[in-house]
There are 2 protein chains.
Amino acid sequence: MTKPRSRRGGGRPTIADVARKAGVGAITVSRALREPERVSEVLRRQIQAAVDELGYLPDPNARALASARAEVFGVLVPSLTNSVFAEVLRGIYDSLFDSSYRIQLGNTHYSGLEEERLLQVFGPQRPAALIVAGVDQTPTSRRLLETAGCPVVQVMETGPDPVDMMVGFSHFDGGKVATEHMIEMGYRRIGFIGARMDPRSQRRLAGYRAAMEAAGLFDARLITTTPVPSSVTLGRELFRDALAKVPTLDGVFCNNDDIALGALFECHRASIAVPKTIGITGFNDLDMMEVAFPSVTSIRTPRYEIGRRSVAMALAAIAGKRPQEPVVDLGFELKRRESTAR
Amino acid sequence: MTKPRSRRGGGRPTIADVARKAGVGAITVSRALREPERVSEVLRRQIQAAVDELGYLPDPNARALASARAEVFGVLVPSLTNSVFAEVLRGIYDSLFDSSYRIQLGNTHYSGLEEERLLQVFGPQRPAALIVAGVDQTPTSRRLLETAGCPVVQVMETGPDPVDMMVGFSHFDGGKVATEHMIEMGYRRIGFIGARMDPRSQRRLAGYRAAMEAAGLFDARLITTTPVPSSVTLGRELFRDALAKVPTLDGVFCNNDDIALGALFECHRASIAVPKTIGITGFNDLDMMEVAFPSVTSIRTPRYEIGRRSVAMALAAIAGKRPQEPVVDLGFELKRRESTAR
DNA sequence: CAATGTGATGGTAGCGCTACCATCGCTCCT
DNA sequence: AGGAGCGATGGTAGCGCTACCATCACATTG
């Protein structure tokens, strides 16, 4: 008489269809799908057969509404094109591939305001977990994270005051170690060149500064930065600026590998010997740094591993098994290469 | 008496709360939010005030369930780390930022099976649109796309038989133009080196082959490929292999810029003069190609624009304004640079 | 002035699923 | 033997929202 299926477009099978076909109650189908161990072997088999026959797939929206919890991981990164975050994402995706969790990815463009906006959007969806890059959320964002009612993992760096959990490493230490290495290799007038200068870059700069000051080599004129987004092109330009400003420059610690590559290319173009006349150190250790000529010293960062670990921690928290230590420092590794082998 | 809010965790305000506070029916609130022009000025104002005061945010899951349509764009790309797709994504995200659409991103790892799986997962969600990379879907995937009941945009390349809409360019032509350019510049023993060799790479190779054959220069031994994922490191290795196989090689058309960069670095390392002894052409024209020393000739591809356009087309289709021509060819541009300036 | 729109608003009935509680048959204990 | 305890199953009542249809005031028409 009534046509209850008429509104729904596809007329896809629902849990009621499966239940009817399997000769059980709808709730039993639901259980068989979500907690199989609570349903008897026999019914489970019947239900599975009905599911297969009908090609039933549960509606995630209805699930989310009924259970007040969506099987979604919300992920917030500041950039999609920065290969560093791309690798973190890869780790996250790989870790979640076998699960039934979907991923909703937001791009904050390094903006606190956009981050707030995206968290507002994620909130009503009741995600299963939230993974956000960085530790410098605005007060509003922080409150949104704290009241999200789900596990939250801040990734990329470690810090003192986690919203919930953290996975990363110390960018300050990274900058410090890189700089100390150059000092050790005999460089004295070591410049810092950096673009974007997001909070993590700032901390690398602070590490550089600490190392330079400790060695009595610090000179503010050695620092060349810009808020402009990083690129190889920009690296070249910044390097030229730095050299023009301080002609006695004998090394550069670059905020990231793109910048380092730009500096390296400029050295080639200007026939500046690397590592003899100028030493170069990058940050992140992208694949190409090892292949470059000369190969470029860099700080290897555990990007993929950060992605994997963040998911592992979130999943554990969802399962009620919170880690002892909420802050995980995955460290980094100095890769000594030709570009600083004076 | 009853505690109807007890199940729901946060006790967030619902549309009923807003309706009560504004002194109107729930449905009117719903309309005020979705089709403001259908609600009188006065009520609209009252409702807005109530929304602001309560901090009401609609539950997207309930919306999706009730309206049989989720405000979600499903996006499927084969790789997260390949910067080509990262830029397509950036275009998609930028185009959707002001809208209320969320984005759910799937990574197919260049696998037809994983693509099918992801489409299965996206389906029950009833996304507003689907954007998928490539035109070589498996029959199952194709069927899933055709029955998705929403606009579908295939991106990255153009082809003869769109599921629905397409935005991209001809990889065959790209390979052909690149190769013809090298022939024109006087190169004769031009190798093709490529990794991954996904369908788009195959078509670039076919373009290369067509150009070489037309010039009477084709020789199968000039082709060096591997199914291994592309990287700068791999580019270097493949280039060495190619040179070992054909010592008379005087140029290489590289499947992509990473490979080209690897080849360039190897030339530096082996003191092979570029472009004099060997010419190099890349594909995609990443930022660094212009900065490299020597700068590297490449095919500039409209990646960001593909992302933007795909969203524009999907949005138009959602609004019922399907484009005249479902297949949009955005073309490409040959960037002549030092690496082929013999 | 009755008949007929027309636009604004509201009520009802779900969307497909799961939380909660009830029921039922069985085992196991005293 | 009787009842507590337990595991398996099902019914009911929503989750928060929107599609559909009804209603109502007011304008328009001949």
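**Exercise 1. The open sheet of chain B**

Task: In this predicted model, determine the order of the strands in the open sheet of 4 strands in chain B, and state which strands stand at the edges.

Solution. 
1. The strands of chain B follow the order S7-S6-S8-S9, with parallel pairing.
2. Strand S7 (223-225) and strand S9 (279-281) of chain B each have a single partner strand, so one side of each lacks a neighbour in the sheet; these are the edge strands.
3. From one strand to the next, the twist averages 15 degrees.
4. The pairing of S6 (residues 190-194) with S7 in chain B comprises 3 bridges in the parallel sense, and B:Gly194 is found opposite B:Thr225 of S7(B).

**Exercise 2. Helices across the sheet**

Task: Identify which strands of chain B helix H9 lies across, and which helix H11 lies across.

Solution. 
1. Helix H9 (residues 199-214) of chain B lies across S6, S7 and S8 (251-254) of that chain, at about 175 degrees to S6(B).
2. Helix H11 (residues 257-269) of chain B lies across S6, S8 and S9 of chain B, at about 160 degrees to S9(B).

**Exercise 3. Strand S3 of chain A**

Task: Decide whether the residues on the two faces of S3(A) are buried or exposed, and locate the strands with which S3(A) is joined by bridges.

Solution. 
1. Buried here requires under 20% relative accessible area.
2. In S3 (residues 129-133) of chain A, 5 of 5 residues are buried.
3. In a regular strand, side chains alternate between the two faces of the sheet.
4. On one side of S3(A) are A:Ala129, A:Ile131 and A:Ala133, on the other A:Leu130 and A:Val132; all are buried, and both faces are covered.
5. S3(A) is joined by 4 bridges to the parallel strand S1 (residues 72-77) of chain A, where A:Gly74 stands opposite A:Leu130.
6. Another 4 bridges join S3(A) to S4 (residues 152-157) of chain A, also in parallel; here A:Leu130 stands opposite A:Val152.

**Exercise 4. The two chains**

Solution. 
1. A:Phe97, A:Phe265 and A:Val291 supply 13% of the area that chain A buries against chain B, more than any other three residues.

Technical notes
Residues are numbered from 1 along each chain as its sequence is written. Chains are lettered from A and ligands numbered from 1 in the order in which they are written. This is a predicted model: local features need pLDDT of at least 70, side-chain atom pairs count only at pLDDT 80 or more; totals for chains, interfaces and linings use all residues. Side-chain values use heavy atoms; hydrogens and water are left out. Two strands pair if DSSP finds at least two bridges between them. Axes are lines fitted to C-alpha atoms, for helices over the stretch in contact, and angles run from 0 to 180 degrees between N-to-C directions. Contact means heavy atoms within 4.5 Å. Buried area is the accessible area (1.4 Å probe) that two parts lose on being put together, summed over both. Buried means under 20% relative accessible area, exposed over 50%, partly exposed in between (1.4 Å probe, protein chains only).
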